[in-house]
Amino acid sequence: MHGSILAYALFTKIIVFRSQASLLNDEHSVIRHIRSQETGISSDEELLQTSTSKNRLATKYLWLSLLVALVPLVGFASLYDTYFSQLVSRLTEQQLSTPMAAKQNEFRVFLRERKYELQALADQFDNPDFYTPNGRYAISSELEGLLRLQVDTRSVYGVVFFDQKGQVVWTFPEEQTVKPASLIHMHDFEDAELIGPSAYSIERPSSVILRQSGRHESSENRGSIGLILRFNSLTEVFRGLGHGGSVRVLLQAGDDNMYDVVGQPSPIISTSTQQRTLLPGWILHVIQDPELVMMPVEAMRYWLLLLMACTVAGLLWLHMSISRRLNRQVESLIDSVEKVALGNLETPVAIVQGVEMHRLTQAIERMRLQLKAFIRSTLAIERQATLGQLAAGLAHDIRNPLTTIRTTVAALSRRERNPESREMMALVEEEIDRVNDVLENLLNFARPRDPYATRLDTAELLNSIVTLVGASARNQGIKLSVDSVDSLVIWADEGHIRQILMNLILNALEAMSVKGSTILLRAVKSANEIKVSVSDDGQGMPDDIQAHIMEPFYTTKPAGTGLGLAICATLAKSNGGRLMIESIDSSGTKVTVFLPAASEEEYE
Amino acid sequence: MISRMFGIILLLATITVEGAELSVGASEAEAQETVGCLFPMSGRGGLYGRDSVAGIQLAFEHIKAQPYQSPPIRVLFSDTSSKASKAARQVRNFVRQNKVRFICGVVNSSIALQVAQVAQEEKVFFIGTDHASSRLTGGEPNRFYFRVNNNSEQSMRAAASYIRKTFIKGSAKNPLRLAYIGPDYDYGYQAWKDLRLWLNKEKVHYQVETVLWPELYESDYSHYLEALLDKDVDLVVNSLWGGDLVAFIQQANQTSLFEHARFANFDTGGNYEVLSALGENMPAGLILSSRHHNNWPETEHNRWFVERFYELTGRYPSYAAEGAYSGILAISEALRLAGPDADNDLIREKLASLTLTLPEDPDQFSSYMNPRNHQLQQAIAIGETVPDDRYPPARMMLGNWVIYRPAGPD
């Protein structure tokens with residue numbers, strides 16, 4: 001009964017120990033614990049990430065800066081456009097009004113001068129016989145000379161004589177004919193009449209007739225006289241109004257048709273910029289020809305708008321490009337930081353280009369490495385402390401009772417006559433010894449005894465170890481060889497070093513149960529250290545196992561405790577050395593123990 | 001240089017000033033007949049008068065060099081100042097004061113119409129040497145009017161043939177887009193009328209885009225150039241002449257008109273006066289013609305005329321010189337053939353059947369009078385302006401000739 005209680009207590013302790021050890025086994029488990037606590041936060045972040053990119057800082061910056069750039073630009077363009085249009089309109093109106101008045105006067109003066117000439121002629125041609133179909137032959141050579149003098153004026157094509165009914169009776173020169181059909185558009189000009197213009201024809205230019213008014217006293221008695229005027233002389237009066245081609249000048253003549261300054265008929269335009277009545281039925285139109293005036297303005301406006309659109313597009317592209325790049329860089333940083341935050345301290349932070357971003361990534365990378373070292377160091381300390389407490393507890397709570405049990409079982413075994421019982425008790429003793437060994441190992445790991453350093457010749461050491469394990473190796477068909485020179489002497493605790501090397505060789509032998517044929521023990525000097533290595537050509541280890549192989553209680557063997565290498569590392573460290581494992585999966589493993597070389601002065 | 005100086009001295013020596021009037025040829029006492037010539041001697045058309053005087057001087061040299069005796073002729077000159085009233089008055093003065101039987105000259109067609117009317121009234125012969133409106137030789141012939149230079153109808157007949165031959169366009173489906181700009185007086189109207197008449201006869205299909213009528217002696221053609229540039233045209237036909245044509249081309253050079261459309265002046269554009277006045281500013285490739293060319297035909301008679309004119313005056317002749325030369329030769333020849341006491345009817349008969357060999361006649365061709373309209377029939381040469389500095393200050397002369405004889409083109 002008492003034994004069963006002890007066994008239960010031992011089992012319970014081992015379960016507790018296992019559970020604690022399993023907790024300590026993997027630092028990732030700690031991180032996972034942290035991660036589980038952060039799950040709520042992570043889900044919030046994911047929500048933020050998926051909630052659209054519009055809340056990103058770079059995106060906000062993009063739209064805000066665009067707004068700041070575009071609102072003044074659009075405002076400026078609109079104001080400038082309005083101002084420019086109004087300016088052109090005002091300038092044109094102001095520039096036109098004065099010359100239009102001058103041209104109106106010039107037009108009237110031209111006609112008035114012709115009217116005076118007409119009156120002078122009428123005074124000379126005072127015989128009613130002149131106003132008959134045969135009047136041409138009734139005039140004297142002096143009067144004919146007068147008529148020739150009159151038609152020498154380039155703006156006067158000829159002179160026409162009308163009878164009392166207003167019918168044309170003859171013209172001078174006679175080839176200058178007047179068609180009755182051209183006498184339909186009559187408009188008063190002071191005390192004369194302006195008739196025409198004659199219908200436009202491609203054959204010859206149009207003419208107008210300035211005739212004495214029918215109300216004139218002399219006309220009632222004898223007929224009237226008229227000057228056949230060059231119509232283009234009237235249109236040419238307005239040539240100076242063209243403003244260098246910026247406006248079109250049209251004369252609405254007595255026939256209600258429009259003519260340009262060179263006498264070409266022009267389409268009737270319903271609206272004109274400005275118009276001025278020259279005399280009844282004759283109107284001057286000045287038109288801002290959209291093709292001549294507004295085209296350059298419109299073209300300028302379109303260029304302005306195009307420039308603005310290009311600016312907008314350019315800004316948009318620039319901001320989007322910067323925003324995308326910033327987003328990409330920040331995203332990369334966030335990913336790296338999130339990996340660290342989620343416990344992945346192995347993946348290096350991706351380097352981002354750009355001076356500031358590069359510095360930031362470097363800083364985060366340094367932070368990751370420091371955090372990684374800190375966590376490992378903290379875990380190692382905690383683990384060591386926990387194991388120390390555990391080992392002390394085991395020593396007190398398990399080892400002492402076990403000693404009692406062992407002594408009791410031995411005593412009982414000696415008195416036992418029944419061979420079967422004695423055999424069972426022997427098994428109990430063996431198991432108790434095995435438990436003791438485990439406890440011994442645990443204590444060695446948790447609280448290794450202080451090393452007692454001596455000068456150790458590596459060749460002697462390695463050869464003696466080979467002698468010890470040579471038989472086992474040979475049984476497995478494995479060749480165990482030593483490569484060491486005599487002069488290599490280390491300064492370390494012989495027991496510790498032997499334990500380390502034995503552990504390593506036994507591990508190698510176990511690893512070579514499937515594959516491999518050679519174990520090589522080698523000692524070489526490197527600076528102030530001596531590297532003692534155990535190499536095998538066994539099955540090696542994959543990277544994931546290699547990453548944890550040094551951790552206590554980590555084992556791939558079904559019956560292993562996972563303390564072998566951890567104890568080796570602890571013992572090497574207590575002797576001022578360190579352990580390094582290099583393994584290639586399916587090719588073999590090499591474990592190197594770096595130990596301090598003994599100096600000449602050091603002695604036992 | 002010495003011979004030129006001698007020539008000028010000789011010219012001055014043979015030109016006498018009687019009162020306010022110039023005279024050339026026989027003295028008043030020796031002269032069998034007196035001819036009164038009307039030319040503008042001053043102002044924008046003054047060169048025409050001066051060249052005509054020199055041309056008449058050459059005519060006397062030519063007559064003198066003939067193996068037969070011609071009746072002595074005295075030529076009086078009067079400046080019309082390009083005014084019809086003055087020209088008409090001068091005709092009457094010539095008739096009444098100088099007993100002239102022949103009037104010659106007159107550059108402006110409108111003035112010529114009135115001069116012809118007065119000459120008819122005064123029953124003196126008017127030998128036109130410079131004006132070209134076909135009105136005077138169209139319809140019923142004026143019994144006292146004869147013309148010894150090509151008229152607008154002849155020039156435009158050749159022009160229509162040239163257009164039909166040279167321009168790809170002109171079919172019913174693809175009509176020639178035409179613009180016309182001519183001086184706003186009878187010559188401009190007649191030239192345009194004649195061109196359309198002969199384009200129709202030559203069955204050239206055309207479409208009139210615009211017709212422009214700047215006044216004579218216009219100084220600013222910018223609005224007319226704008227109007228021409230405003231239209232899509234294939235050919236601009238221009239019938240401005242003298243200083244007007246020079247001013248037009250100078251101003252057109254400042255625009256893209258000559259790239260915008262082909263440019264042609266079929267009656268007077270190739271006048272040496274225009275070529276020399278423009279010098280290096282005359283563009284190449286313009287289609288021009290004239291009533292006389294210094295570089296065509298390359299006959300002995302033409303070479304003598306041009307070189308002798310140069311010796312006398314120090315400049316090359318415009319077509320006015322050859323027109324006046326022809327006029328005096330025509331009067332001299334008619335008088336010689338009619339005899340010393342011939343009446344007007346006989347003289348008219350001789351003038352109407354006249355044949356003259358003139359500087360502008362190509363080899364094996366002599367100008368001849370058409371008795372039906374009293375218009376001398378002559379060959380017409382149309383060419384393009386090409387670089388040629390043989391007649392400075394002109395830098396462009398006509399080349400790439402196409403020749404049209406009265407019976408039709410060569």
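# Questions on a predicted model

Me: Which residue in β6(A) stands opposite A:V159?
Reply: Strand β1 (residues 156–162) of chain A runs antiparallel to β6(A) and is joined to it by 6 bridges. Strands are DSSP runs (E, at least two residues), as helices are (H or I, at least four), numbered from the N terminus. Within β6(A), the residue that stands opposite A:V159 is A:L227.

Me: What kind of model is this?
Reply: Residues are numbered from 1 along each chain as its sequence is written, while chains are lettered from A and ligands numbered from 1 in the order in which they are written. Local features need pLDDT of at least 70 and side-chain atom pairs count only at pLDDT 80 or more, whereas totals for chains, interfaces and linings use all residues, since the model is predicted.

Me: How many residues of strand β6 of chain A are buried?
Reply: A residue is buried if 20 or more other C-beta atoms, placed from the backbone, lie within 10 Å of its own, exposed if 12 or fewer do, and partly exposed in between. A:S224, A:G226, A:I228 and A:R230 point one way from β6(A), whereas A:I225, A:L227 and A:L229 point the other way, and both sets are buried. For the strand, which covers residues 224–230, the count of buried residues is 7 of 7.

Me: Which residue of strand β5 of chain A stands opposite A:G226 in β6(A)?
Reply: Strand β5 (residues 207–212) of chain A is joined to β6(A) by 5 bridges, and the two strands run antiparallel. Opposite A:G226 in β6(A) stands A:R211.

Me: Which strands stand at the edges of the open sheet in chain A?
Reply: This open sheet is formed by 5 strands in the order β9-β8-β7-β11-β10 of chain A, with antiparallel pairing, where two strands pair if DSSP finds at least two bridges between them. Inside the sheet, 2 bridges join β7 (residues 248–252) to β8 (residues 258–259) of chain A, and A:L251 stands opposite A:Y259 in β8(A). Two strands have a single partner each, so one side of each is left without a neighbour in the sheet, and these edge strands are β9 (265–266) and β10 (274–279) of chain A.

Me: Is A:K339 exposed, partly exposed or buried?
Reply: A:K339 lies in helix α8 (residues 290–341) of chain A, and its C-alpha atom is separated by 8.9 Å from that of A:V349, which is 10 residues apart from it along the chain. Not counting residues up to four places away in sequence, A:K339 touches A:N344 and A:T347, where contact asks for C-beta atoms, placed from the backbone, within 7 Å. Because A:K339 has 17 C-beta neighbours inside 10 Å, it counts as partly exposed.

Me: Against which elements of chain B do the buried residues of α6(B) pack?
Reply: The buried residues of α6(B) include B:Y187, B:W192, B:L195 and B:W198, and the helix is followed by B:K203, whose phi is positive, near 60°. The elements of chain B against which its buried residues pack are α4 (109–122), α5 (152–166), β8 (176–181), β9 (206–212) and β10 (235–238).

Me: How many residues does the contact take from chain B and from chain A?
Reply: In the contact between the two chains, 21 residues come from chain B and 19 from chain A. On the side of chain B that touches chain A, at least two residues are supplied by each of α3 (84–98), α4, α6, β9 and α7 (222–229).

Me: Is B:K123 buried or exposed?
Reply: B:K123 is not a glycine, yet it has a positive phi of about 60°, and its place is in the loop between α4 and β6 (125–128) of chain B. Since 11 other C-beta atoms lie within 10 Å, B:K123 is exposed.
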